[in-house]
Amino acid sequence: MARKKTAAASAASLELPAVLDLKAAAPLAEQLLAMRGSPITVSAAQVERIGAQCAQVLLSAAATWKSDKASFAITGASDGFESGLRLMGLSTERLMEQEIAQ
Amino acid sequence: MDAMAEIRATFFEECAEQLAELEAGLLAIESGEADADTVNAVFRAVHSIKGGAGAFNLDDLVHFAHVFETTLDELRSNRLEATLDVVRVMLRAADVLADLVTVARDGGSVDAVRTRGLVEELKALVGGKKDAPAAAPAASDDGPIFAPMVGDGMDGLDFVPVSVDLSDMMDGGESRYRIQFRPRAELYAKANESARLIRECLALGSGEVTCDTSAIPLLTDLDPEGAYLAWTIELASEAGEPAVREIFEFVEWDCDLSIDRILDASAMAADDGVDPEIAALLARLAGGADAAADEPAADAPMAEVVELKPAAAAAAPKPAPAAEAPAPRKAERAAAAAESGDAKAAAAGSAPAATIRVDLERVDRLIDLVGELVIHQVMLSQRVMQAGLARASDVAVGLDELEQLTREIQDSVMAIRAQPVKSVFQKLPRLVREVADITGKQVRLITEGEWTEVDKTVIERLSDPLTHMIRNAIDHGVERPEKRVAAGKGEEGTVRVAAMHRSGRIVIEISDDGAGINRQVVRKIAVDKGLIPADASLSDEETDNLIFLPGFSTKEEVSELSGRGVGMDVVKRSIQALGGRVSIASKPGEGSMFTMSLPLTLAVLDGMIVSAGDHTLVVPLTAIIETLKPKPAEVRGFGNDQRLIEVRGNFMPLVDVARQLGYREEPTDALSGVAILVEAENGARSALLVDGIQGQRQVVIKSLEANYGRVPGVAAATILGDGRVALIIDVDVVAATSRFEQNYFSSGLQAAE
């Protein structure tokens with residue numbers, strides 16, 4: 001799992017793995033939690049497949065970062081990523097706008 | 001999901017079939033076996049491709065197909081004689097048409113000069129007959145797509161190209177459903193995937209998915225394996241509610257699900273002037289029922305068809321739209337109308353084969369279930385025996401009959417997946433034509449046994465190695481005409497490809513009558529490239545086999561054909577990956593023959609059942625060279641706790657399987673066990689030490705990855721007659737010889753446990 005991490009204070013970046021299936025959800029949540037607090041750029045360039053649970057994790061992360069007032073961006077969304085989200089009635093934009101319903 | 005994309009995919013699928021039919025027909029004409037039906041079939045193939053291409057605005061394809069069709073029409077109406085030259089031009093035109101289809105599908109570019117050249121040639125064949133009925137303005141290269149083909153001989157099949165929004169048509173006359181789906185965590189825990197369920201729903205028709213994300217918590221509160229999303233799917237589909245429910249059959253208990261029909265009369269959009277062929281395409285796509293519901297169904301000629309084909313729509317009971325009493329009848333008529341394009345086309349030529357398209361997944365599931373059935377039947381027999389019932393008792397006799405029946409079912413189900421190798425073979429004539437052209441040689445291709453059946457997965461992976469071997473046979477095997485004449489042979493070389501069943505495997509022989517393998521040259525190259533020592537003494541056969549070594553290339557200069565960086569080693573490896581073997585026989589001056597032997601299916605495997613520790617394992621038979629009882633003098637310790645075994649003067653690693661897989665802590669006693677000599681895909685040999693051999697039998701392969709997860713060292717699993725699961729060893733991984741790999745491997749194993 002490619003994982004690039006810059007100094008904790010500055011913006012962090014995370015490279016999503018190719019397959020975001022059921023098994024990938026827990027490690028992904030863990031990784032994201034560890035990076036909480038600083039602005040983050042998540043690269044979805046390598047993604048070939050995404051399942052519902054990983055979408056949940058990313059939605060939650062977007063909402064979390066938003067509530068922390070830190071920036072959360074998804075870059076380079078691959079076709080696989082986009083079409084996987086589209087299938088589930090989601091989109092990259094929608095994902096980044098996720099907020100916690102009060 | 002994109003309804004359009006799916007229709008497109010279907011279109012290209014059909015194109016492939018039609019191109020095959022086209023080529024087969026032309027070849028039949030070439031060899032003089034054609035009748036009127038053949039010409040019609042050829043014409044129809046091109047016509048259908050043109051029709052579909054028009055709907056997708058594939059202008060290049062339409063142009064070319066049109067010119068081609070015009071020429072074919074001349075042939076069909078006997079205004080043009082099918083001389084050898086004419087057929088050759090047409091064969092090349094068929095190649096170009098195939099290229100255009102490929103480009104339309106995958107992008108890229110075609111050789112425009114070649115296309116234009118052929119357009120000219122085709123037009124030249126038609127000659128001055130520009131006023132021929134079919135020669136509409138479209139024959140000009142840059143006109144509008146093409147004009148309606150009036151009176152082109154396709155009686156009544158008026159080809160009226162219009163821009164049709166196919167996705168709208170998909171909605172027409174279908175039932176709409178609102179599916180509300182809220183999975184619970186258990187659904188994911190059972191390895192179901194919501195995205196897959198949604199995809200399956202959308203595969204039934206078209207629809208819109210909305211996702212409710214309001215339940216998503218903060219990351220700190222999130223259980224990554226929980227379920228927080230819910231979906232609403234508005235689905236328009238031909239399929240009935242049961243079909244929709246069926247998708248959720250296995251997850252019903254792990255989600256909140258509601259499926260409601262929405263009654264929406266406006267969905268019955270009328271769409272006039274739809275090309276019957278597109279309608280038919282859509283109809284087939286949607287499962288045989290109508291697609292363009294209110295299409296000009298009531299028109300007089302169509303009504304006749306209803307009379308003729310009353311059963312057309314019977315197979316697909318249409319849910320009647322609200323407040324429209326005669327709707328079912330209408331739908332039926334529309335279905336018949338959709339079919340009329342086909343029916344009439346069929347009337348013009350041979351009837352289409354009575355086949356259905358079935359999702360491969362369904363067949364696989366059936367195969368899986370039948371495998372279970374066989375296992376349970378064996379278990380049942382064993383229980384009966386254990387219960388002490390006599391062999392002649394009614395129960396035992398009944399069970400014997402059941403056994404025969406299950407075997408028969410298993411064979412029949414396997415036969416569903418089996419396909420004739422024709423689909424691969426029919427690509428060969430073109431390959432041979434092209435390679436012969438490039439190399440300036442004259443080659444005749446003979447294929448035999450093209451109806452030999454083999455599993456679909458094997459067929460798919462057969463094409464590449466076969467292509468490569470034929471290319472090789474022409475490039476390296478067959479000599480140039482002048483050389484052949486000098487050698488007292490005919491100018492034209494022969495490449496023969498034959499497929500046959502032999503002892504439960506499929507054997508494919510590729511032979512040529514060329515010069516054979518030049519062993520001195522092969523040996524010299526191998527020495528030059530450092531593949532063998534200069535003083536190695538090799539038998540003829542061993543020398544021939546050198547060409548399978550990685551990094552071997554016989555041609556001094558890299559030709560256009562062999563310079564693709566793919567050597568025979570790749571061929572050998574891809575055949576081995578399929579569980580097959582390849583061998584060569586060559587006679588100088590008389591030619592060479594490559595023989596591939598492949599398993600008929602990848603769903604069952606011949607294995608040796610062995611025990612290691614308390615476990616039963618299966619070693620694929622294809623990897624095994626021999627088995628032996630180690631003698632004390634042959635086993636040597638090596639390093640820390642590694643062992644080597646000496647076999648006829650060669651040392652190879654002795655891999656302790658029970659220990660390697662973590663079944664046992666202490667080393668297995670080599671002298672009480674059995675050593676199995678195996679060859680990995682890279683040709684490395686090693687010996688697997690197991691406790692004993694139980695027997696040899698065919699086992700049904702069950703994917704471990706799909707049902708559990710990937711475990712290094714284990715290729716798959718199977719279920720034995722007594723119901724126990726036995727793992728199938730991945731010989732390549734288990735036999736990984738370097739110490740580093742072994743250490744890495746065993747730590748990986750522990751992590752997996």
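This briefing describes strands, helices and selected residues of a predicted model. Residues are numbered from 1 along each chain as its sequence is written, chains are lettered from A and ligands numbered from 1 in the order in which they are written, and side-chain values use heavy atoms, with hydrogens and water left out. In this predicted model local features need pLDDT of at least 70 and side-chain atom pairs count only at pLDDT 80 or more, while totals for chains, interfaces and linings use all residues. Helices (H or I, at least four residues) and strands (E, at least two) are DSSP runs, numbered from the N terminus.

**Five-strand sheet of chain B**

- Five strands of chain B form an open sheet with mixed pairing, in the order β6-β8-β9-β11-β10; two strands pair if DSSP finds at least two bridges between them.
- The edges are β6 (443-448) and β10 (581-587) of chain B, and each has a single partner strand, so one side of each lacks a neighbour in the sheet.
- On average, neighbouring strands of this sheet are turned by 15 degrees against each other, direction ignored. Axes are lines fitted to C-alpha atoms, for helices over the stretch in contact, and angles run from 0 to 180 degrees between N-to-C directions.
- Strands β9 (residues 505-512) and β11 (residues 591-599) of chain B run antiparallel and are joined by seven bridges. Within this part of the sheet, B:Arg505 stands opposite B:Pro599 in β11(B).
- β10(B) and β11(B) also pair in the antiparallel sense, over seven bridges, and the bridge partner of B:Ser586 in β11(B) is B:Ser592.
- The hairpin of β10(B) and β11(B) has three residues between the strands, and B:Gly589 in this hairpin takes a positive phi near 85 degrees.
- The covered face of β10(B) carries B:Val582, B:Ile584 and B:Ser586, and the uncovered face carries B:Arg581, B:Ser583, B:Ala585 and B:Lys587.

- Helix α18 (residues 463-477) of chain B lies across β6, β8 (493-502), β9, β10 and β11 of chain B, and runs at about 20 degrees to β9(B).
- Helix α22 (residues 568-577) of chain B packs on the sheet as well, where α22 touches β10 and β11 of chain B and makes about 135 degrees with the direction of β10(B).
- The axes of α16 (residues 428-439) of chain B and α18(B) come within 10 Å and cross at roughly 35 degrees.
- The crossing of α16(B) and α18(B) is right-handed; a crossing is right-handed if the near helix is turned clockwise from the far one by less than a right angle, and left-handed if anticlockwise.
- From α16(B), B:Leu428, B:Leu431, B:Val432, B:Val435, B:Ala436 and B:Thr439 meet B:Leu466, B:Thr467, B:Ile470, B:Arg471, B:Ile474 and B:Asp475 in α18(B). Contact means heavy atoms within 4.5 Å.
- The residues of this contact divide into eight nonpolar, two polar and two charged. Ala, Val, Leu, Ile, Met, Phe, Trp, Tyr, Cys and Pro count as nonpolar, Asp, Glu, Lys and Arg as charged, and the others, Gly among them, as polar.

**Six-strand sheet of chain B**

- An open sheet of six strands in chain B has mixed pairing and the order β14-β18-β19-β17-β16-β15.
- β14 (624-628) and β15 (635-638) of chain B stand at its edges, each with a single partner strand, so one side of each is left without a neighbour in the sheet.
- Neighbouring strands here are turned by 35 degrees against each other on average, direction ignored.
- Five bridges link β16 (residues 642-647) and β17 (residues 650-656) of chain B in the antiparallel sense, with B:Val647 opposite B:Asn650 in β17(B).

**Strand β5 of chain A**

- Buried means under 20% relative accessible area, exposed over 50%, and partly exposed in between (1.4 Å probe, protein chains only).
- β3 (residues 40-43) of chain A pairs with β5(A) in the parallel sense over four bridges, and A:Thr41 stands opposite A:Ala73.

**Single residues and cysteines**

- B:Asp544 is in helix α21 (residues 540-545) of chain B and counts as buried because its relative accessibility is 3%.
- Leaving aside neighbours within four places in sequence, B:Asp544 is in contact with B:Ile517, B:Arg519, B:Ile584 and B:Ser586.
- B:Val67 is in helix α3 (residues 59-76) of chain B and is buried at 5% relative accessibility.
- The C-alpha atoms of B:Val67 and B:Glu120 are separated by 9.2 Å, and the two residues are 53 residues apart along the chain.
- A:Cys54 is buried at 0% relative accessibility, and B:Cys15 is buried with a relative accessible area of 0%.
- A search of the whole structure finds zero disulfides over all chains, a disulfide being a pair of cysteine sulfur atoms within 2.5 Å.
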